[in-house]
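These are my notebook entries on a structure that I looked up.

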Amino acid sequence: MAEFVQLLFNGLVAGSIFGMAALGISLVYSVLHLVNFAAGDFLTLGAFTTFYLATSQHLPFVLAVILSMVIGVIVSLILEFILWRRLRRSGAGMLALFLVASGIAFILRQSIALTFGSDSRRFDLDQLTTYEFLGAQIARAQLIVLLCASIAITGIALFIKKSNIGKDMRAYADNASLAAVSGINVDRVIIATWTISGAYGALAGVFQGTVQGQFTNGMGLDLLLAILAAVVLGTIGDAYGALIGGFVLGVVMDLSTWDALAGGIPSTYKPVVGFAVLVIVLLFKPEGIFGVRARKI
Amino acid sequence: MNNLILEVNDVAVAFGGVKAVNGATMSVEVGSVTSVIGPNGAGKTTLFNLISGAIKPDSGTILFQGFEIQKLLPHKIADRGIVRTFQGAKVIKRLSVLENLMLGAQNNPGDNLINFFNPRARNAFEKQARERAMALLKQVGIERFANDYAGILSGGQRKLLDLARALMAEPVMLLLDEPFAGVNPTLVEKLLEVLHALRTEHHLTFLLVEHDLETVMNISDRVVVMAEGRVIADGLPNSIYENQAVVDAYLGTRKLNS
Amino acid sequence: MTAILQPGFWVFILTMSGIYGIFTLGLQVQYGVGGILNFGHVGMMALSSYTMAILVIAHGFNFWIAAASGVAVAALGGAFLGLTTLRLRGDYFSIVSIAFSEIVRYVIFNSDGLTGGSQGSLAIMPIGDAYPSYTDTWDTILYWIRDHLTPIFGEVADRDMAMGILVWITLGILLFIVSRVERTSWARVLRATREDDDVPSALGKNVFRFRLQAVIIGSIIGGIAGIYWALQVTLLSPDDFLTIVTFYAWMILILSGATKVKGLAIAAIFFGFLYGGTRFFTFWPFSVFDASQRSYMRIMIIGIVLIVLMIRRPQGIFGKREEMVLE
């Protein structure tokens with residue numbers, strides 16, 4: 001039982017991080033029809049800028065996190081203005097968008113490696129305090145991550161549902177040409193999308209760095225698989241689906257290591273479990289969990 | 001009842017709660033030209049997609065030459081001899097006009113990778129098929145574009161290509177989805193001429209979908225009228241004019257539209 | 001600077017180019033003909049090379065049987081990937097294919113007992129007390145070729161040169177076969193599916209079967225590249241099969257114009273210089289950076305080239321613009 005609670009809790013923490021990152025990818029996809037393969041490296045960027053600001057520049061940690069989110073947004077917007085906008089206007093296809101996104105991923109990852117080296121880093125945070133809950137050891141850092149992530153997720157869900165920009169984003173995602181003629185400010189929608197994706201990517205990166213303890217420039221890439229699986233699981237382009245997909249995947253991956261399940265799967269194989277879940281779901285529901293049967297022709 | 005080639009029995013399908021076809025029943029006689037007409041949203045194209053296998057019905061059966069086909073995949077239905085054209089005509093833009101036609105050739109040994117090692121069989125078939133394709137292009141009058149990308153064709157020429165490609169497949173029954181929509185009068189003449197020739201020379205069976213009765217009046221043996229997913233009338237072209245349900249359906253939508 | 005002047009450098013570049021060329025040819029069949037966006041291609045290379053290495057080292061298989069088995073396993077990998085995910089929308093397939101190759105690498109990395117894990121093929125348990133090598137049979141051939149090259153090239157002739165020649169002969173043969181396959185009606189149907197599924201299905205073509213076959217053939221070619229890769233590096237490591245390798249192949253494919261086989265060899269050589277050549281940029285101003293920093297910059301350059309290419313010349317060097325703008 002204690003192990004179950006422990007794994008469930010770990011899974012929820014992991015799932016909240018997957019969900020935040022998946023949300024960004026899903027939003028960008030629904031508005032811009034672009035699978036952002038660089039999303040993982042935006043997580044890494046967030047973790048490393050926070051590390052730099054907090055540890056090397058001795059800024060308060062919370063301020064460092066906020067500044068990192070701002071940097072994530074700025075980098076996303078610069079890329080929008082110099083790359084994505086141009087590609088959209090030239091009518092670039094799916095392949096071009098994929099390849100440019102991966103190009104960005106390589107450049108980001110290697111710039112981080114060039115600047116910080118390939119050594120692993122850690123935040124100067126209290127990683128040791130733990131609480132006991134139903135026999136499970138719950139680290140304080142994990143608990144804070146889960147709380148903050150839950151607030152961030154609720155906040156963004158409300159924002160998309162209630163705010164004017166959020167409504168415009170949904171309208172634009174549903175039918176871009178209709179939304180454009182009905183007077184929605186398309187530029188504003190796109191900027192809002194990149195802002196959310198950039199800020200939440202950086203925040204998810206900080207959370208992941210905190211939970212992992214140590215991180216390298218490959219952190220985001222290692223996570224990308226699970227994040228993409230969460231996106232597809234929740235039906236690509238569906239923001240709420242991505243959040244739920246993230247939690248489902250986080251919990252399933254951690255619970256798969258539970259001893260009570262025929263000894264459990266070695267924890268190094270967790271990503272394989274994530275992939276297996278994805279393939280099985282897609283076999284039965286090719287549109288993802290929340291996809292609707294599309295009308296043909 | 002042996003002369004029925006196609007029987008659609010009480011077929012229904014819904015998309016996200018909307019019943020696009022709601023219990024449609026109709027049939028087609030061997031060698032006839034049957035037209036399905038109806039206002040927009042009547043479910044004509046959906047019925048077509050059901051017959052050609054692009055969508056699967058929620059209930060009901062579709063029999064072709066006595067066999068149930070409603071569960072078959074589109075290519076299996078095509079194998080049985082039902083070949084369709086597409087609304088607005090679909091061409092493969094980055095293949096040449098001739099290559100588009102060659103796609104229609106059935107039982108091409110070159111489609112099977114094993115025959116990569118049997119170039120003689122492949123080449124013999126290709127040569128024969130190419131001759132037939134050129135003859136068809138000539139018949140519909142676009143042979144001068146044979147080696148151009150199909151993407152450069154005009155809308156009307158694409159319709160001719162779509163038709164020729166379907167004929168290349170040597171169908172038993174041809175489904176034509178709005179063949180006359182948006183086509184200039186000269187081209188309509190050309191299409192009618194081709195259809196007439198096919199009918200008299202090859203005894204093909206035709207099922208057409210059209211928006212208006214006028215267009216198909218003269219070429220149809222029978223007219224099936226659909227509205228709101230159901231068949232509301234079925235009979236000789238002339239008798240349709242006098243049918244009160246049909247008048248109501250068309251007038252009703254006209255009121256809605258205006 | 002001196003490295004560039006040595007023939008060994010050129011042989012190295014050409015050999016790597018040839019192996020990447022073979023690898024890319026597999027993608028060419030999938031994307032160039034069938035429009036299938038496979039981003040997990042490197043997984044097939046990993047499957048074939050590791051299968052071959054394990055069979056030779058741990059089970060004492062004859063090299064040729066082991067190599068054929070490796071390619072067969074790559075084909076099975078392609079079949080698995082295709083059967084499970086090819087019915088999905090194009091963008092789903094791309095995502096799942098990336099996941100597939102990462103999972104393959106992950107399993108290799110973590111299955112110490114079978115694959116040697118993070119230590120690579122050197123840690124595969126050999127039969128008896130033999131040295132864990134899978135290149136013996138191949139080396140015999142290479143040295144035989146070298147001995148016949150020496151009268152022509154003198155001292156320059158070595159094992160590497162023999163390897164380069166064999167790689168390019170293989171690439172030439174495969175290019176010829178693939179260009180022939182692309183003239184069959186099979187390829188014509190596949191090219192049609194690149195644009196539209198409805199038309200070929202309405203004409204009686206089983207679109208899924210054609211796509212699946214394309215993925216399997218591409219995987220077989222990727223598998224052949226994997227065998228050559230294993231023979232070239234002589235020691236396998238899970239890190240040889242990072243996702244980025246698939247992107248190298250995409251870059252070569254885009255450079256070559258994707259739809260035509262012709263430019264592939266030249267594009268591969270261009271990539272070889274970009275990739276391998278920059279390794280030897282040890283002179284100023286590159287000497288400011290240490291070796292690992294230079295390797296980071298190498299991948300950055302490849303990222304930049306990819307982006308610039310997609311913006312400036314999406315049809316590649318040899319591609320036709322008109323094919324891309326047809327509406």
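**Entry 1: the interface of chain C and chain A**

I looked up the contact first: 42 residues of chain A are in contact with 38 residues of chain C, where contact means heavy atoms within 4.5 Å. The model is predicted, so local features need pLDDT of at least 70 and side-chain atom pairs count only at pLDDT 80 or more, whereas totals for chains, interfaces and linings use all residues. Residues are numbered from 1 along each chain as its sequence is written, chains are lettered from A in the order in which they are written, and side-chain values use heavy atoms, without hydrogens and water.

I then noted the area buried between chain C and chain A, about 3800 Å², of which carbon and sulfur atoms give 82%; buried area is the accessible area (1.4 Å probe) that two parts lose on being put together, summed over both. C:Y92, C:I95 and C:Y296 supply 18% of the area that chain C buries against chain A, more than any other three residues.

I recorded which helices (DSSP runs of H or I, at least four residues, numbered from the N terminus) take part. Helix 5 (90-110), helix 12 (243-255) and helix 14 (291-312) of chain C each supply at least two residues of the side that touches chain A. The largest share, 14 residues, comes from helix 5 of chain C.
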